[in-house]
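Try each task before you read its solution.

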Amino acid sequence: MSYATALDAALQRLHGEGRYRTFIDIERRKGQFPHAVWTRPDGTEKDITVWCGNDYLGMGQHPEVLAAMHEALDATGAGSGGTRNISGTTVYHKRLEAELADLHGKEAALVFTSAYIANDATLSTLRQIFPGLIIYSDALNHASMIEGVRRGGGEKRIFRHNDLAHLRALLAADDPAAPKLIAFESIYSMDGDFGPIKAICDLAEEFGALTYLDEVHAVGMYGPRGAGVAERDGQMHRIDIINGTLAKAYGVFGGYISASAKMCDAVRSYAPGFIFTTSLPPAVAAGAAASVRVLKTAQHLRDAHQTTARILKLRLKGLGLPIIDHGSHIVPVHVGDPIHCKMLSDMLLETYGIYVQPINFPTVPRGTERLRFTPSPVHDARAIDALIKAMDALWSHCALNRAEAAG
């Protein structure tokens with residue numbers, strides 16, 4: 001076999017389908033978010049505005065976060081020096097886990113190197129802890145949840161997205177004595193729609209199932225202390241395991257679960273994805289803890305975030321663009337074709353200095369390709385005006401039939 005030929009063919013398929021992913025080299029500038037500098041392939045630079053970042057509240061430049069990281073870096077050095085089990089647990093990791101447990105009203109929390117790893121490691125390990133566990137997973141769950149469920153082996157049931165009747169039918173069809181877990185999300189990142197948390201908790205209670213909720217796109221931004229949609233809806237106490245990230249609204253890096261002390265202890269003791277990996281650098285843990293602490297009382301940032309999202313959606317709707325609006329902060333504009341989606345993204349960047357990454361298959365189904373905007377409190381009126389003018393000009397220029405794209 002010619003391995004080089006196979007590699008060429010695999011990459012060419014992506015190019016031919018218009019979904020080859022290109023990395024955009026940018027340098028964010030502290031104090032100037034969401035503005036950054038883009039370095040083109042030829043080495044020239046262009047000032048740009050980032051409209052697709054996950055640092056939803058601009059906490060990556062917050063002075064208290066930076067001060068905490070500087071203090072930890074100066075005190076301990078760069079890395080943690082080991083896994084959590086072997087020399088890699090520091091006072092900074094323990095403080096972070098205490099902040100997260102307090103945030104979610106749980107007995108404990110467990111920090112991982114990413115929310116992806118937290119989902120994968122936890123979900124794949126639960127069947128060792130609960131033999132015969134059946135996992136009921138929403139059809140649109142994140143890839144990390146899908147991978148965790150798959151790797152764990154055993155029985156799984158996929159219920160249609162947010163379809164409570166289908167979930168009920170699947171639960172009712174299984175052995176009442178079998179251990180069960182329902183895995184779902186609070187905000188689904190591609191469409192920005194919400195999971196029916198209360199109704200799923202009701203079903204879990206009725207059928208004796210555990211609940212596993214991914215709050216990655218909600219922590220920091222929803223609820224009176226930023227604990228997520230479950231806190232906002234008064235349902236947090238009904239969730240057995242909450243997954244969250246430190247790399248989006250908290251502006252740093254890492255992921256976690258929060259649950260009972262026994263649950264966290266069991267996952268800590270059994271999950272290879274936790275046991276056999278180096279822990280977060282102390283400076284990262286310190287910055288994340290500071291960010292969690294700050295956002296517990298920063299309702300003004302959450303309010304400003306929602307206001308910016310509402311304004312952007314209203315103005316895009318005013319242009320007649322086919323946006324997907326489920327009431328969250330995520331603002332997808334449906335394009336429906338990977339080549340057009342990439343073309344729009346490229347023209348926005350080169351001509352207007354606006355960076356929004358095209359979202360193509362397999363992240364979303366074929367035919368639902370989109371530009372996904374993530375407004376934040378640091379996107380001011382001038383930035384919104386520039387985006388609206390650019391989208392108006394380019395949508396017309398590219399001759400995309402708006403009615404067809406909306407369908």
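**Exercise 1. Two cis peptide bonds**

In which loop is P362 found? Then find the peptide bond from F361 to P362 and decide whether it is cis or trans.

*Solution.* A reminder before starting: this is a predicted model.
Step 1: P362 sits in the loop between β15 (358–359) and β16 (370–373).
Step 2: going from F361 to P362, omega is near 10 degrees and the peptide bond is cis.
Step 3: now look at F33 and P34, which are also joined by a cis peptide bond, with omega of about 10 degrees. P34 belongs to the loop between β1 (26–28) and β2 (35–39).

**Exercise 2. How two helices pack**

Describe the packing of helix α2 (residues 63–76) against helix α11 (residues 282–295).

*Solution.* Two packed helices are described by the angle between their axes and the distance between the axes.
Step 1: for α2 and α11, the angle is about 150 degrees and the axes are 8 Å apart.
Step 2: classify the angle. Angles over 145 degrees count as roughly antiparallel, so α2 and α11 are roughly antiparallel to each other.
Step 3: From α2 come E64, V65, A68, M69, A72, L73 and T76, and from α11 come P282, A283, V284, A286, G287, A290, S291 and V294.

**Exercise 3. The surroundings of D325**

Which residues is D325 in contact with, leaving aside its neighbours within four places in sequence?

*Solution.* D325 lies in the loop between α12 (299–318) and β13.
Step 1: name the partners. Apart from those sequence neighbours, D325 is in contact with K313 and K317.
Step 2: look at the side chains. The side chain of D325 makes a polar contact of 3.0 Å with the side chain of K313, and another polar contact, at 2.8 Å, with the side chain of K317.
Step 3: D325 and R310 are 15 residues apart along the chain, and their C-alpha atoms are separated by 9.7 Å.

**Exercise 4. A histidine in a strand**

Is H334 buried or exposed, and which backbone oxygen does its side chain reach?

*Solution.* Step 1: H334 is part of strand β13 (residues 331–334).
Step 1: the cut-off for buried is under 20% relative accessible area. H334 has a relative accessibility of 12%, so H334 counts as buried.
Step 2: the side chain of H334 reaches the backbone oxygen of G367 at 3.3 Å.

**Exercise 5. Positive phi without glycine**

What is phi of S87, and what is phi of N162?

*Solution.* Step 1: for S87, phi is near 70 degrees, a positive value in a residue other than glycine.
Step 1: S87 lies in the loop between α2 and α3 (91–104). With 53% relative accessibility, S87 counts as exposed.
Step 2: for N162, phi is near 55 degrees, again a positive value in a residue other than glycine.
Step 3: N162 is found in the loop between β6 (156–159) and α6 (164–173). Its relative accessible area is 23%, so N162 is partly exposed.

Terms used. Residues are numbered from 1 along each chain as its sequence is written. This is a predicted model: local features need pLDDT of at least 70, side-chain atom pairs count only at pLDDT 80 or more; totals for chains, interfaces and linings use all residues. Side-chain values use heavy atoms; hydrogens and water are left out. Axes are lines fitted to C-alpha atoms, for helices over the stretch in contact, and angles run from 0 to 180 degrees between N-to-C directions. Helices (H or I, at least four residues) and strands (E, at least two) are DSSP runs, numbered from the N terminus. Angles under 35 degrees count as roughly parallel, over 145 as roughly antiparallel, 65 to 115 as roughly perpendicular and the rest as oblique. Contact means heavy atoms within 4.5 Å. Buried means under 20% relative accessible area, exposed over 50%, partly exposed in between (1.4 Å probe, protein chains only). A polar contact is a pair of N or O atoms within 3.5 Å; within protein, one must be able to donate a hydrogen and the other to accept it, and residues adjacent in sequence count only if both atoms are side-chain atoms.
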